[in-house]
Amino acid sequence: MTDLDSLLARGRLLPVLTVAGPSIGSAVAEALLTAGLPLAEVTLRVDGALEALRAMAALELTVGAGTVVTPDQVDRAVEAGASFVVSPGLHAAVVERCRDLGVPVLPGIATASDLMLAVELGVETVKMFPADLVGGPAAVKAFTGPFPAMRFVPTGGIGPAQLSSYLSLPAVLAVGGSWLAPRDVVAAGRWDEITRRTRQALQQIDEERVR
Ligand SMILES: O=C(O)C(=O)C[C@H](O)[C@H](O)COP(=O)(O)O
């Protein structure tokens, strides 16, 4: 297991954030830390995402960059302080650049062919994206047949109602999603709401004994 895998396995949640600028990034990071979750992914989808990531990386939080689709973005994310890289899909050049820099990478997969390439590249943990459309927990189970050693972080369309069906599967390390800190909640500066949602999810995971 990489350090990232251990962190994912401990918290079992990967908040996917779309945040811009240092002050908003820091406020969201503090909201997650207050809830007891020291991990987040900042998607490089908006201007100011790297500045947010840089500020968050200075806090007691392990922060990764998401929506990374080119090797060049890997360089910029790592320079800004990203501890890991997440991709919506599987691109060998992105995986290899992460390897070169010694940064854990969580590439996206949606098919058995993607998984075959992941195995060839030596990837042990993948993001299943978009998890709900790929087939949900049943898809993870089906993929586990031919790929018994692969670990999954399903992401896409996940909320409290889907947590236990994914997290009870041994092949699932964690689930990712934006529901803990959705864009409208961030835009309204409702940091307490982010803490509340995250606490609730962590509590649900404990109560359902899937952690
Ligand atoms: O930006 C990326 O790299 C992605 O792969 C997409 C995100 O992970 C999903 O948008 C999160 O999905 P929701 O929780 O349904 O909002």
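**Entry 1: β7 and its partners**

I began with β7 and strand β8 (residues 151–154) in this predicted model. The two strands pair in the parallel sense, and I found four bridges between them. I looked up Met128 next. Its bridge partner in β8 is Pro154.

Then I turned to strand β6 (residues 108–109). Two bridges join β6 to β7, and these strands also run parallel. Which residue of β7 does Gly108 stand opposite? I checked, and Lys127 is the one.

**Entry 2: the path from β6 to β7**

I followed the chain from β6 through helix α6 (residues 112–120) to β7. I noted a right-handed β-α-β unit made by these three elements.

**Entry 3: side chains of β7**

I went along β7, residues 125–128, and asked which way each residue points. Thr125 and Lys127 point one way. Val126 and Met128 point the other way. In a regular strand the side chains alternate between the two faces of the sheet. Are these β7 residues buried or exposed? I have all of them down as buried, Lys127 included.

**Entry 4: α2 against α11**

I moved on to helix α2 (residues 22–35) and helix α11 (residues 191–207). Their axes come within 8 Å and cross at roughly 35°. I recorded the crossing as right-handed.

Which residues make the contact? From α2 I listed Ala27, Val28, Ala31, Leu32, Thr34 and Ala35. From α11 I listed Trp191, Ile194, Thr195, Thr198, Arg199 and Leu202. I sorted the residues of this contact by type: eight are nonpolar, three polar and one charged.

Note on methods: Residues numbered from 1 in each chain as written. Predicted model: local features only at pLDDT ≥ 70, side-chain atom pairs only at ≥ 80, totals over all residues. Buried ≥ 20, exposed ≤ 12 C-beta atoms within 10 Å, placed from the backbone. Pairing = 2+ DSSP bridges. Right-handed = clockwise from strand over helix to strand, strands pointing away. Axes fitted to C-alpha atoms, helices over the stretch in contact; angles between N-to-C directions. Left-handed = near helix turned anticlockwise from the far one by under 90°. Contact = placed C-beta atoms within 7 Å. Nonpolar A, V, L, I, M, F, W, Y, C, P; charged D, E, K, R; others polar.
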